[in-house]
Amino acid sequence: MDDCVFCKIINGDIPSTKIYEDDDVLAFFDISQVTPGHTLVVPKKHVKDIFAYDEDLAERVFKKVPMIARAIKASNPNIIGMNICQNNGEIAYQSVMHSHIHLVPRYSKDDAFSMHWGDNTGLASAEELQSRADKIKENLED
């Protein structure tokens, strides 16, 4: 993709701080460094989001995440946790339309990262939940 910033990074047209690279994956520091060590893991093949992966690409990309995450954690004894985020679509805060996985090291409750999860416990009946589950099951691929 000519206008994709991550494709330009993969091709070496834009500099980055690389963490890991193989035939399928490039991991590099996010320019924002939400917390020190904030890393992006991207497939070298341009895919827009999770919905565009085939099983083979997903296996090759996602199997690298634990290895890279462990290396980040081992690099600094002050890292006590890590958020792993993968956003899909603008509504889900995807800002670059090339699939990427954020590895955000966590140092304390007061570092520069936060998430808010709404609590909708009990808002849907058991029947509504089952109906939602059944609709999803109907669309599962083998």
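Visitor: Which residues does Thr-39 touch, not counting residues up to four places away in sequence?
Guide: This is a predicted model: local features need pLDDT of at least 70, side-chain atom pairs count only at pLDDT 80 or more, and totals for chains, interfaces and linings use all residues. Residues are numbered from 1 along each chain as its sequence is written, and side-chain values use heavy atoms, without hydrogens and water. Contact means heavy atoms within 4.5 Å. Thr-39 then touches Ile-19, Ala-27, Phe-28, Phe-29, Asp-30, Ile-68, Ile-72, Ile-101, His-102 and Leu-103.

Visitor: Is Thr-39 buried or exposed?
Guide: Buried means under 20% relative accessible area, exposed over 50%, partly exposed in between (1.4 Å probe, protein chains only). Thr-39 has a relative accessible area of 0%, so Thr-39 is buried.

Visitor: In which strand is Thr-39?
Guide: Strands are DSSP runs of E, at least two residues, and helices are runs of H or I, at least four, numbered from the N terminus. Residues 39-43 form one such run, and Thr-39 belongs to it: strand 3.

Visitor: How many disulfides are there?
Guide: A disulfide is a covalent bond between the sulfur atoms of two cysteines. The criterion is a pair of cysteine sulfur atoms within 2.5 Å. By this rule the count is zero. For Cys-7, in no disulfide, the nearest cysteine sulfur is 3.7 Å away, in Cys-4.
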